[in-house]
Each structure stands twice: as structure tokens, then as C-alpha cells.
Amino acid sequence: MNDQEETSPRRKSRETRRKAILRATRALVIEIGYDGLSLDLVAARSNLTKPTLYKYFQDKDDLLLSAYLEMVDTWEIAKAKLPQNTSAYERLSLMIRIPLDVNFGEDHALYASPPPEILSHPKFAAAQSRVRQGIADTLVAGQASGEIDRDINPLVTVQLFFAITGFRPFQRLVDSGELTTEELIGQLHKMLVRAVRSTSNQI
Amino acid sequence: MRKVEKIGVRERQRIAREHAILEAARQILMESGFEAMTMEAVAERAIVTKPTLYAYFPNKLELAVTSYSSMVRRTHERRILEEANLTTKERIHLRIRRGIETKILSDRLVYAFPGEPIRSHPEFLKAIDMTTDYLADLFARASAEGIVDRSIHPKLMAQSFVALLGNLNFERLIDSEQTTAEATVDTLVRLFLRMLESEPK
């Protein structure tokens, strides 16, 4: 990775602007929903002109999809930045946070019911697929290195992760005040990551 | 001497008919699922006329919901009796394994876990909540005994199990022979029990 390129002022401001546009988009979606969203509104909110906006995103669908996938992208970038010698276990720990943050984190209302255009978009399916495959691969790598339980089938394990991280009714525990969002995500994360570790006390 | 309330003949007939209808509905639901179920078929199986059936249940959904809900409650009561003499730990192990086995191995029970619109119906949810609350109590007790992780909310543990059973979709994996049904059960039981375990001392 070329460090110079990464931190050049041009790159940085382009990246910052892109992020600002996506942040404005997410805020607007939460306020007025997907249908009410227009590129004019997004431009206004991000203090840009519409022509400038078009430099970053082709159209409304492109914008929405990117806003939706930004969470995944952010984590993929974070994962790529991990030092080479990061253990499979630590990688897994990071990756399991993706669906948890998406489904129960700050912006969960945004992700709760994406419009059908997003759900059926090939990029969306591809992103989901990447996350799953990434987790499966990390499990296998961890099994090879002995950090992760060898007696579990990685594909079955990925299914379990997604069954649990995708269970929106957990939100009721936060809504009723029994747990804070941090506690919910923290406890789910703890349970899931612990489940695959290779040494433990069996109950 | 216990005073037994006299139930009139009429009332007994009503109860008997309702049972027959619910049993007929249960069989048909297990055989072919909610979509395929018709009120006609239920009436025939229960040996009542259609008007009679409609007097008990206004539509297919209400009937199916009541049927599934009573199945859940009956299973729940049966399990409580069966685990009466077991330790907390044994109860947990049994419930987890049983639940997962039923989901994965019983191919005859394809319709044992209903889909929409039954799944979101308030009456069905009430029945599920009842079993989830029981499970949460069990986990709370296990927590106090040091068997499971005290830092995890017992309700979260219980709902995680519901999440697992509600969302398991392993037919594809099993069909494509990337794993067997038995191995899938074993992995899931192992994983779930690990999720709950208390920290090593």
C-alpha cells in the first residue's frame, strides 16, 4: 500500500467529502425515509452542489447502496489494515461486529428494512457473500492454527452467526430498557466469539 | 373431599368438538403446512360440518394459530414433567439438544416450526414468550449456580436460542453433502453450549 498516495491532500479531501455525503444521506433516510430522499436534499445537507455530488455518485440508487454498504466497507478497510500477524481469532472478533453494528447499532433503524432495490441489487448480495466468506475463511485459518475449535463445521458456524446476529427481536430488550445497545452488542459479541475458541471449560 | 364442578353435557360436547377440530388441524398442518390447509379438509377430518367449524374458528389463520400455540404449550408442559428430576445443568443440555435435534433431524416435522403469518401472530408469540421466559428462568438459575456466564443477561441467552431455532436453514448444506444432519446437530449443540459457558476460573 502506497502511504503517500493514501494521505495526499487530494485523496483525503475526496474521501472526507464522500463520507460527508454518505453521512448526510443516512441522516436524511432516518429523518424522512428512502422514498423522500432526493439528490437535491442530499446536496443541500452536505453543503455541495448537485454537479459535485454527481462526481461521487451516479444516481440515487448508487448513493443509497453506498450508504448501506459503507458499514461493510469501513470494516473491510479496518480488517485490511490489521497487521500481518493478527491472529485469526482477533480477525474473527472484528468481523462478527459487522452484522451486530449494522443490525443493532446507532443506525439500525436505517438498516432495518432496506428498500427492495437495495435488497435485490447484486452489489448487496455480493457484499453479504463477502462477509460470510471472510468469516468462513477466517474460521478455517483459525482451525489450522489451533486457535479455533476444530470440531465445528465452519459453514454451519457461519449460519449460526448470521441466525443470531440477524435476529432483530433482540432490539426489544433494548427498547424495554433491560439492556443498553452497548450491552446487547457486547454480550452477543462475547457469546459468539467465545463459542468458537479452542480452549474452554465445557458446561 | 374435593368439590368437583359439574360440567354440563353441552359444555363437554363443546370441549370435545374443539379438541377434535384442533387435532384435525394439527394433523393437516403437520402433513402439508398452512398454505395447503383448507377449512374444508379440517371439517372433514374432525367430522364436523363447515358451519360448525366456523362457529369455533372464524378463519384458517385463527385456527392454525390456536393449533400451533396449543402445540407449543403442550410440548412445554411435557418437557417440564420430563425434566422434573434433572439438575439445572442436565435440563439445559437436554433442552438445547432436543430443540436443535427437532429442528434439524425431524424431516417428518417439516411444518413443526410455522412460518408467516402465524409466526408473528400475537397469540403465537405469547406462547413462544412463555417458553422463552421459562428458559430465561432456567438460565438465571444456572447463572446463580455458576454454570453459565453471569455477565450475559438470561433473557438474551433464551432469545438467542429462539433466534437459532427460528433461523436455521441447513437444508442446502446438508443436501450438498458439505455436512450431515447429525454432524450439524453436534456442531450447533456444541457451539450454543459454548456460547453460554462461564468464564474459566
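B:Glu116 is partly exposed in this predicted model, with a relative accessible area of 47%. B:Glu116 pairs with B:Arg119 in a salt bridge whose closest N and O atoms are 3.9 Å apart. That pair still counts because the cut-off for a salt bridge is 4 Å. Across all chains, the structure holds 19 salt bridges, and a few of them are worth a look on your screen.

**Salt bridges within chain B**

- B:Arg26 and B:Glu23 join their side chains in a salt bridge, with an N to O distance of 2.9 Å.
- About one helical turn separates B:Arg26 from B:Glu23, because they sit 3 residues apart in helix H1 (residues 9-36) of chain B.
- B:Arg26 is partly exposed at 25% relative accessibility, and B:Glu23 is partly exposed with a relative accessible area of 31%.
- Another salt bridge links the side chains of B:Glu83 and B:Arg95, at 3.0 Å from N to O.
- B:Glu83 belongs to the loop between helix H4 (60-82) and helix H5 (88-105) of chain B, while B:Arg95 is part of helix H5, so this pair ties together parts that are 12 residues apart in sequence.
- B:Glu83 and B:Arg95 are both buried.

- From chain A, A:Asp149 and A:Asp151 take part in a network of salt bridges, and B:Arg190 and B:Arg194 are its members from chain B.

**Charge on chain A**

- A patch of negative charge on the surface brings together A:Asp35, A:Asp59, A:Asp61 and A:Glu117.
- You can find A:Asp35 in the loop between helix H2 (9-32) and helix H3 (39-45) of chain A.
- Chain A carries 26 positive and 26 negative side chains, and the centres of these two sets lie 4 Å apart.

**Overall build of chain A**

- Chain A has 12 helices and 0 strands, so tracing the chain from the N terminus takes you through α elements.
- The C-alpha trace of chain A spans about 60 × 45 × 30 Å along its principal axes.
- Among the 203 residues of chain A, 45% count as buried.
- The accessible surface of chain A is about 10700 Å², and carbon and sulfur atoms contribute 51% of that area.
- Taking contacts in chain A with a separation of 6 or more, 69% are between residues 24 or more positions apart.

Conventions. Residues are numbered from 1 along each chain as its sequence is written. Chains are lettered from A and ligands numbered from 1 in the order in which they are written. This is a predicted model: local features need pLDDT of at least 70, side-chain atom pairs count only at pLDDT 80 or more; totals for chains, interfaces and linings use all residues. Side-chain values use heavy atoms; hydrogens and water are left out. Patches are made of residues with over 30% relative accessible area and no salt bridge: like charges are joined within 9 Å, nonpolar side chains (Val, Leu, Ile, Met, Phe, Trp, Tyr) within 5 Å. Accessible areas come from the Shrake-Rupley method with a 1.4 Å probe; for residues, only the protein chains shown count as cover. Lys and Arg count as positive and Asp and Glu as negative; His and the chain ends are not counted. The place of a charge is taken as NZ of Lys, CZ of Arg, CG of Asp or CD of Glu. Helices (H or I, at least four residues) and strands (E, at least two) are DSSP runs, numbered from the N terminus. Buried means under 20% relative accessible area, exposed over 50%, partly exposed in between (1.4 Å probe, protein chains only). Contact means heavy atoms within 4.5 Å.
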